[in-house]
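User: Can you walk me through this fold? I've got it open and want to go through the packing piece by piece.

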Amino acid sequence: ENKIVVTTRDEIGQLTTAFNSMVEQLRLKERIRETFGKYIDPRVVEGLIDRPALASEGQRRVMTVLFCDVKGFSSTSRGTTPQGLVKVMNRYLSAMSGPIRVHEGFIDKYIGDAIDGVFGAPLDDPEHALHGAKAAMAARSRLEEMNAAGLAVLSGRTLRQRIGLHTGVGIVGNIGSRRRFNYTVTGDSANLASRLEGANKFYGTSILASEATVTNVGPTIA
């Protein structure tokens, strides 16, 4: 794909300019596909290609953030081998990521044993709170199935999880340094979802949702 030098101002010149513009757009889309396709859900990548500004600029929008963590992971993992730990955690993270993607979310990041999922960003999803709640319940059900089959066991103990859900305004965009960056969500929404995950300890629950999420979900889910 090479540009053509514009030498005239007639119809041929206009056609050449249009061709050059098309080439530049193709190059931009290919750069987005190469850059983001390595670490973002393919559906999100295609959405960024259709709306390139979302890939290069930060955006503030209402979204639902799901934060999922393994209960007592540090103590549970001490008695297992590194190979056993990696095997079980890869299996667990793969299983827990599925419901997020199925319900229109994308994985923002993995933080050790924790998963940070986002619904409603960067692409539009008017039911992002409902999808986040469904993903949380599906993840809990999937872990119960794994435990029943003996597929999520570390040091002789089955894995238990805690999930926090919050709906609010956040910022999504490319954040990082010249050498390394990440397309991620930041702001109070992500922070509060993480706090709610931890607050499950106090209430003895497995899923906690903020009032904003509950309001946006409506009566569909108890």
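User: Which residues of helix 6 are buried?
Analyst: His128, Ala129, Leu130, His131, Gly132, Ala133, Ala135, Ala136, Ala139, Leu143, Met146 and Asn147. Buried here is under 20% relative accessible area, exposed is over 50% and partly exposed is in between, with a 1.4 Å probe and protein chains only. Helices (H or I, at least four residues) and strands (E, at least two) are DSSP runs, numbered from the N terminus.

User: Where do these values come from?
Analyst: It's a predicted model, where local features need pLDDT of at least 70 and side-chain atom pairs count only at pLDDT 80 or more, while totals for chains, interfaces and linings use all residues. Residues are numbered from 1 along each chain as its sequence is written, and side-chain values use heavy atoms, with hydrogens and water left out.

User: OK, back to helix 6. How far does it reach?
Analyst: From first C-alpha to last, helix 6 covers 30 Å with its 21 residues, close to the 30 Å expected at 1.5 Å a residue. The expected span is 1.5 Å times one less than the number of residues. Just after helix 6, Gly150 has a positive phi of about 70°.

User: And what about helix 5, which residues are buried there?
Analyst: Val88, Met89, Tyr92, Leu93, Ala95, Met96, Ser97, Gly98, Pro99 and Ile100. After helix 5 comes Glu104, with a positive phi near 70°.

User: How do helix 5 and helix 6 pack?
Analyst: Their axes are 8 Å apart, at an angle of about 145°. Axes are lines fitted to C-alpha atoms, for helices over the stretch in contact, and angles run from 0 to 180 degrees between N-to-C directions.

User: Which residues meet there?
Analyst: From helix 5 you have Arg91, Tyr92, Ala95, Met96, Gly98, Pro99 and Ile100, and they meet Ala135, Ala138, Ala139, Arg142, Leu143 and Met146 of helix 6. Contact means heavy atoms within 4.5 Å. By class that's 10 nonpolar, one polar and two charged residues. For those classes, Ala, Val, Leu, Ile, Met, Phe, Trp, Tyr, Cys and Pro count as nonpolar, Asp, Glu, Lys and Arg as charged, and the others, Gly among them, as polar.

User: What's in the largest nonpolar core?
Analyst: It has 29 residues, and Leu66, Tyr92, Met96, Ile115 and Leu159 have the most contacts inside it. A nonpolar core is a set of buried Ala, Val, Leu, Ile, Met, Phe, Trp, Tyr and Cys residues joined through side-chain atoms within 4.5 Å. Strand 1 (59–70), helix 5 (82–102), strand 3 (114–119), helix 6 (128–148) and strand 6 (161–176) each give at least two residues to this core. Helix 6 has the largest share, eight residues. Another core lies apart from it, with 12 residues, among them Phe67, Ala121, Val172 and Ala193.

User: What does Leu159 touch?
Analyst: Beyond its neighbours within four places in sequence, Leu159 contacts Val70, Val88, Tyr92, Leu143, Asn147, Ala152 and Leu154.

User: Switching to Ile163, buried or exposed?
Analyst: Buried, because its relative accessible area is 1%. Ile163 is in strand 6. Leaving aside neighbours within four places in sequence, its contacts include Leu66, Phe67, Ala136, Ala139 and Ser206. Ile163 and Ser206 are 43 residues apart in sequence, yet 6.1 Å apart C-alpha to C-alpha.

User: And Gly204, buried or exposed?
Analyst: Exposed, since its relative accessible area is 66%. Gly204 is in the loop between helix 7 (188–203) and strand 8 (207–209).

User: Last one, how many helices and strands does the protein have?
Analyst: Eight helices and eight strands. Of the 222 residues, 42% count as buried.
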